[in-house]
Amino acid sequence: MLICPVCSAPLAEAGGALKCPDGHSFDLAASGYCNLLTGSRNGKFIGDDREMVAARRRFLESGAYAPLRDALCARLLAMTEGRAGLSLLDAGCGEGYYTRAAAAALAGAGRLLQAVGTDISKSATRYAAGRDRAVRYVTANSYHLPVADGAVDLILSLFAPAPAEEFLRILAPGGLVIRAVPGADHLWELKQAVYDEPYRNREEKHRLPGFAERDRVRVEYPFTLDSPDRIRDLFAMTPYARRTPRQGLERLEKLERLDVTFSFLLLTCEPAGA
Ligand SMILES: [Zn+2]
(Lines give C-alpha, C1' and ligand atoms only; values in the text may rest on other atoms or scores of the structure.)
Protein backbone atom coordinates (compact mmCIF):
# COMPACT_ATOMS: atom_id res chain seq x y z
CA MET A 1 0.00 0.00 0.00
CA LEU A 2 2.79 2.46 0.90
CA ILE A 3 4.79 4.27 -1.76
CA CYS A 4 7.89 6.46 -1.68
CA PRO A 5 6.94 10.07 -0.83
CA VAL A 6 9.75 11.30 -3.13
CA CYS A 7 9.28 9.27 -6.33
CA SER A 8 6.03 7.31 -5.73
CA ALA A 9 7.64 3.91 -6.35
CA PRO A 10 6.51 1.07 -4.07
CA LEU A 11 8.18 0.85 -0.66
CA ALA A 12 9.45 -2.42 0.76
CA GLU A 13 10.90 -3.23 4.15
CA ALA A 14 14.64 -3.98 4.10
CA GLY A 15 17.40 -3.63 6.68
CA GLY A 16 15.46 -1.63 9.25
CA ALA A 17 14.03 0.80 6.72
CA LEU A 18 11.32 1.26 4.13
CA LYS A 19 13.09 1.56 0.77
CA CYS A 20 12.08 2.21 -2.81
CA PRO A 21 13.91 0.80 -5.87
CA ASP A 22 15.40 4.27 -6.50
CA GLY A 23 17.28 4.20 -3.22
CA HIS A 24 15.14 6.53 -1.13
CA SER A 25 15.21 5.15 2.38
CA PHE A 26 13.11 5.87 5.48
CA ASP A 27 14.22 4.55 8.85
CA LEU A 28 11.94 2.19 10.71
CA ALA A 29 11.89 2.56 14.48
CA ALA A 30 11.97 -0.59 16.60
CA SER A 31 8.22 -0.11 17.07
CA GLY A 32 7.68 -0.18 13.30
CA TYR A 33 7.02 3.55 13.20
CA CYS A 34 8.23 5.40 10.09
CA ASN A 35 8.36 9.07 9.17
CA LEU A 36 7.33 9.58 5.53
CA LEU A 37 7.09 13.37 5.62
CA THR A 38 9.52 15.04 3.26
CA GLY A 39 10.97 18.46 2.58
CA SER A 40 9.50 21.51 4.24
CA ARG A 41 6.72 19.43 5.72
CA ASN A 42 9.25 17.59 7.81
CA GLY A 43 9.07 20.29 10.48
CA LYS A 44 8.81 19.79 14.19
CA PHE A 45 5.83 21.91 15.02
CA ILE A 46 3.04 20.55 12.89
CA GLY A 47 0.04 18.55 13.92
CA ASP A 48 -0.95 18.05 17.50
CA ASP A 49 1.78 18.72 19.99
CA ARG A 50 2.78 16.29 22.67
CA GLU A 51 0.61 17.88 25.35
CA MET A 52 -2.49 17.72 23.22
CA VAL A 53 -1.73 14.12 22.32
CA ALA A 54 -1.34 13.32 26.04
CA ALA A 55 -4.63 15.02 26.92
CA ARG A 56 -6.47 13.13 24.20
CA ARG A 57 -4.83 9.88 25.23
CA ARG A 58 -5.93 10.28 28.87
CA PHE A 59 -9.42 11.16 27.78
CA LEU A 60 -9.80 8.26 25.35
CA GLU A 61 -8.35 5.80 27.85
CA SER A 62 -11.07 6.82 30.32
CA GLY A 63 -13.50 5.04 27.99
CA ALA A 64 -15.58 8.14 27.32
CA TYR A 65 -15.63 7.49 23.57
CA ALA A 66 -15.76 3.68 23.80
CA PRO A 67 -19.39 3.61 22.57
CA LEU A 68 -18.30 5.47 19.44
CA ARG A 69 -15.36 3.12 18.94
CA ASP A 70 -17.66 0.10 19.28
CA ALA A 71 -20.24 1.60 16.90
CA LEU A 72 -17.48 2.21 14.37
CA CYS A 73 -16.34 -1.42 14.56
CA ALA A 74 -19.93 -2.63 14.19
CA ARG A 75 -20.40 -0.41 11.12
CA LEU A 76 -17.14 -1.67 9.59
CA LEU A 77 -18.20 -5.28 10.04
CA ALA A 78 -21.69 -4.60 8.68
CA MET A 79 -20.32 -2.82 5.58
CA THR A 80 -17.75 -5.54 4.79
CA GLU A 81 -19.96 -8.61 5.15
CA GLY A 82 -18.69 -11.40 2.92
CA ARG A 83 -15.46 -9.63 1.94
CA ALA A 84 -11.87 -10.66 2.67
CA GLY A 85 -8.28 -9.55 2.08
CA LEU A 86 -9.14 -5.93 2.86
CA SER A 87 -6.69 -3.09 3.24
CA LEU A 88 -7.51 -0.40 5.79
CA LEU A 89 -6.12 3.11 6.03
CA ASP A 90 -6.86 5.40 8.96
CA ALA A 91 -6.03 8.88 7.64
CA GLY A 92 -5.46 11.22 10.57
CA CYS A 93 -5.24 8.33 13.04
CA GLY A 94 -3.94 10.32 16.01
CA GLU A 95 -2.62 7.96 18.67
CA GLY A 96 -4.41 5.02 17.06
CA TYR A 97 -7.30 4.59 19.50
CA TYR A 98 -9.82 3.80 16.76
CA THR A 99 -7.26 2.30 14.35
CA ARG A 100 -6.32 -0.47 16.79
CA ALA A 101 -9.94 -1.40 17.41
CA ALA A 102 -10.97 -1.24 13.74
CA ALA A 103 -8.03 -3.37 12.58
CA ALA A 104 -8.65 -5.88 15.38
CA ALA A 105 -12.35 -6.15 14.52
CA LEU A 106 -11.65 -6.79 10.82
CA ALA A 107 -8.79 -9.18 11.60
CA GLY A 108 -10.99 -11.04 14.08
CA ALA A 109 -13.55 -11.57 11.33
CA GLY A 110 -10.80 -12.85 8.98
CA ARG A 111 -11.25 -9.92 6.58
CA LEU A 112 -8.05 -7.89 7.04
CA LEU A 113 -4.94 -8.10 4.87
CA GLN A 114 -3.12 -4.96 5.99
CA ALA A 115 -3.72 -1.82 8.02
CA VAL A 116 -1.94 1.53 7.99
CA GLY A 117 -2.46 4.57 10.20
CA THR A 118 -1.20 7.97 9.10
CA ASP A 119 -1.06 11.27 10.94
CA ILE A 120 0.81 14.53 10.48
CA SER A 121 1.79 14.45 14.16
CA LYS A 122 5.03 12.61 14.90
CA SER A 123 4.32 12.25 18.60
CA ALA A 124 0.89 10.74 17.90
CA THR A 125 2.07 8.22 15.30
CA ARG A 126 5.12 7.28 17.37
CA TYR A 127 2.90 6.60 20.35
CA ALA A 128 0.44 4.61 18.22
CA ALA A 129 3.22 2.40 16.84
CA GLY A 130 4.46 1.66 20.34
CA ARG A 131 1.03 0.36 21.33
CA ASP A 132 0.16 -1.71 18.30
CA ARG A 133 2.27 -4.04 16.17
CA ALA A 134 -0.58 -5.15 13.93
CA VAL A 135 -0.86 -1.77 12.19
CA ARG A 136 1.88 0.17 10.36
CA TYR A 137 1.90 3.77 11.63
CA VAL A 138 3.57 6.47 9.54
CA THR A 139 3.84 10.21 9.80
CA ALA A 140 2.34 11.62 6.62
CA ASN A 141 0.16 14.38 5.25
CA SER A 142 -3.43 13.39 4.44
CA TYR A 143 -3.39 15.69 1.40
CA HIS A 144 -0.35 13.89 -0.06
CA LEU A 145 -0.68 10.34 1.18
CA PRO A 146 2.27 8.02 0.47
CA VAL A 147 -0.23 5.43 -0.70
CA ALA A 148 -0.53 3.79 -4.14
CA ASP A 149 -3.45 4.54 -6.48
CA GLY A 150 -6.40 2.21 -5.91
CA ALA A 151 -4.70 0.41 -3.03
CA VAL A 152 -7.18 0.92 -0.20
CA ASP A 153 -10.51 -0.81 0.42
CA LEU A 154 -11.48 1.07 3.57
CA ILE A 155 -10.52 4.58 4.54
CA LEU A 156 -11.27 5.82 8.03
CA SER A 157 -11.46 9.58 8.45
CA LEU A 158 -12.40 10.26 12.05
CA PHE A 159 -12.60 13.90 13.13
CA ALA A 160 -9.87 14.49 10.58
CA PRO A 161 -9.49 16.42 7.34
CA ALA A 162 -11.08 14.47 4.47
CA PRO A 163 -9.37 15.37 1.17
CA ALA A 164 -11.93 13.95 -1.26
CA GLU A 165 -9.66 13.90 -4.34
CA GLU A 166 -6.86 12.13 -2.52
CA PHE A 167 -9.34 9.58 -1.13
CA LEU A 168 -10.73 8.95 -4.65
CA ARG A 169 -7.18 8.38 -5.91
CA ILE A 170 -6.25 5.74 -3.34
CA LEU A 171 -9.59 3.90 -3.10
CA ALA A 172 -9.84 0.47 -4.73
CA PRO A 173 -12.96 -0.43 -6.73
CA GLY A 174 -15.76 -1.11 -4.23
CA GLY A 175 -13.90 0.97 -1.66
CA LEU A 176 -15.57 2.90 1.15
CA VAL A 177 -14.79 5.90 3.31
CA ILE A 178 -16.11 5.80 6.86
CA ARG A 179 -16.13 9.18 8.56
CA ALA A 180 -16.89 10.31 12.08
CA VAL A 181 -18.05 13.91 12.43
CA PRO A 182 -19.57 15.80 15.36
CA GLY A 183 -23.36 15.75 15.59
CA ALA A 184 -25.35 18.96 16.05
CA ASP A 185 -25.54 18.61 19.83
CA HIS A 186 -22.01 17.36 20.47
CA LEU A 187 -20.58 19.00 23.63
CA TRP A 188 -23.58 21.33 23.81
CA GLU A 189 -23.39 21.72 27.61
CA LEU A 190 -19.65 22.43 27.46
CA LYS A 191 -20.25 25.16 24.90
CA GLN A 192 -23.06 26.58 27.03
CA ALA A 193 -20.68 26.73 29.97
CA VAL A 194 -17.97 28.54 28.05
CA TYR A 195 -19.72 30.76 25.50
CA ASP A 196 -22.28 33.53 25.85
CA GLU A 197 -23.88 32.52 22.58
CA PRO A 198 -23.11 28.87 21.86
CA TYR A 199 -24.07 27.47 18.49
CA ARG A 200 -24.89 23.93 17.38
CA ASN A 201 -22.65 22.10 14.93
CA ARG A 202 -23.69 22.20 11.30
CA GLU A 203 -23.99 18.61 10.17
CA GLU A 204 -24.65 19.41 6.52
CA LYS A 205 -21.18 20.88 6.02
CA HIS A 206 -19.62 17.42 6.02
CA ARG A 207 -20.42 16.49 2.43
CA LEU A 208 -17.56 14.85 0.59
CA PRO A 209 -17.33 16.07 -3.04
CA GLY A 210 -17.40 13.19 -5.53
CA PHE A 211 -18.88 10.79 -2.99
CA ALA A 212 -22.38 9.53 -2.26
CA GLU A 213 -23.51 8.70 1.26
CA ARG A 214 -24.40 5.06 1.61
CA ASP A 215 -25.08 4.81 5.29
CA ARG A 216 -25.54 7.17 8.23
CA VAL A 217 -25.62 6.22 11.90
CA ARG A 218 -26.05 8.62 14.81
CA VAL A 219 -24.23 7.75 18.02
CA GLU A 220 -25.41 9.89 20.91
CA TYR A 221 -25.18 9.46 24.68
CA PRO A 222 -24.86 11.49 27.88
CA PHE A 223 -21.64 11.44 29.84
CA THR A 224 -20.56 12.88 33.17
CA LEU A 225 -17.16 14.55 33.35
CA ASP A 226 -16.50 14.06 37.04
CA SER A 227 -13.35 16.10 37.63
CA PRO A 228 -11.76 19.36 36.52
CA ASP A 229 -8.91 17.35 34.93
CA ARG A 230 -11.36 15.34 32.83
CA ILE A 231 -13.09 18.54 31.72
CA ARG A 232 -9.76 20.14 30.82
CA ASP A 233 -8.58 17.10 28.84
CA LEU A 234 -11.80 17.03 26.82
CA PHE A 235 -11.64 20.75 26.16
CA ALA A 236 -8.00 20.46 25.01
CA MET A 237 -9.14 17.96 22.33
CA THR A 238 -11.65 20.36 20.83
CA PRO A 239 -11.12 23.10 18.25
CA TYR A 240 -12.47 25.52 20.88
CA ALA A 241 -9.26 25.20 22.91
CA ARG A 242 -7.49 27.58 20.53
CA ARG A 243 -10.22 30.12 20.00
CA THR A 244 -11.99 30.63 23.31
CA PRO A 245 -11.63 34.07 24.89
CA ARG A 246 -10.08 34.36 28.34
CA GLN A 247 -13.43 34.93 29.99
CA GLY A 248 -14.68 31.60 28.71
CA LEU A 249 -11.52 29.82 29.84
CA GLU A 250 -11.96 31.26 33.34
CA ARG A 251 -15.50 29.87 33.47
CA LEU A 252 -14.14 26.51 32.37
CA GLU A 253 -11.51 26.54 35.13
CA LYS A 254 -14.25 26.86 37.77
CA LEU A 255 -16.20 23.79 36.65
CA GLU A 256 -15.93 20.83 39.03
CA ARG A 257 -18.21 18.51 37.10
CA LEU A 258 -20.19 18.61 33.90
CA ASP A 259 -22.95 16.50 32.37
CA VAL A 260 -22.35 16.63 28.67
CA THR A 261 -23.87 15.20 25.48
CA PHE A 262 -21.63 13.26 23.11
CA SER A 263 -23.12 13.16 19.64
CA PHE A 264 -21.49 11.79 16.50
CA LEU A 265 -22.41 10.82 13.00
CA LEU A 266 -20.80 7.82 11.35
CA LEU A 267 -21.04 8.41 7.60
CA THR A 268 -20.18 5.68 5.11
CA CYS A 269 -19.48 7.07 1.65
CA GLU A 270 -18.62 5.55 -1.70
CA PRO A 271 -17.46 7.23 -4.90
CA ALA A 272 -20.50 8.73 -6.67
CA GLY A 273 -21.72 6.47 -9.46
CA ALA A 274 -20.01 3.41 -7.97
ZN1 LIG B 1 11.78 6.81 -4.10
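These legends describe views of a predicted model.

**View 1. Overall fold of the chain.** The chain has eight helices and 11 strands. Along the principal axes, its C-alpha atoms fill a box of roughly 60 × 40 × 30 Å. A compact globule of 274 residues would have a radius of gyration near 19 Å, and the value for the chain, 19 Å, agrees with this. Of the 274 residues, 40% count as buried. Among contacts with a separation of 6 or more, 69% are between residues 24 or more positions apart.

**View 2. The largest nonpolar core.** This core has 72 residues. Leu-88, Ala-102, Leu-154 and Ile-155 are the residues with the most contacts inside the core. Strand S11 gives the most to this core, with seven residues; S11 spans residues 258-271.

**View 3. Surroundings of Ala-102.** Ala-102 is one of the residues with the most contacts inside the largest nonpolar core. Neighbours within four places in sequence are left aside here. Beyond them, Ala-102 is in contact with Leu-72, Cys-73, Leu-76, Leu-88, Asp-90 and Leu-156. One of these partners, Leu-88, is also listed among the core residues with the most contacts.

**View 4. Helix H7 and what covers its buried residues.** Helix H7 runs over residues 228-237. Its buried residues are Ile-231, Asp-233, Leu-234, Phe-235 and Met-237. The cover over these residues includes three helices, H1 (50-61), H6 (188-194) and H8 (246-254). Strands S10 (211-225) and S11 (258-271) are also part of that cover.

Methods: Residues are numbered from 1 along each chain as its sequence is written. This is a predicted model: local features need pLDDT of at least 70, side-chain atom pairs count only at pLDDT 80 or more; totals for chains, interfaces and linings use all residues. A residue is buried if 20 or more other C-beta atoms lie within 10 Å of its own, exposed if 12 or fewer, and partly exposed in between; C-beta atoms are placed from the backbone. Helices (H or I, at least four residues) and strands (E, at least two) are DSSP runs, numbered from the N terminus. Two residues are in contact if their C-beta atoms, placed from the backbone, lie within 7 Å. The radius of gyration is taken over C-alpha atoms; the globule rule is 2.2 Å times the number of residues to the power 0.38. A nonpolar core is a set of buried Ala, Val, Leu, Ile, Met, Phe, Trp, Tyr and Cys residues joined through C-beta atoms within 7 Å.
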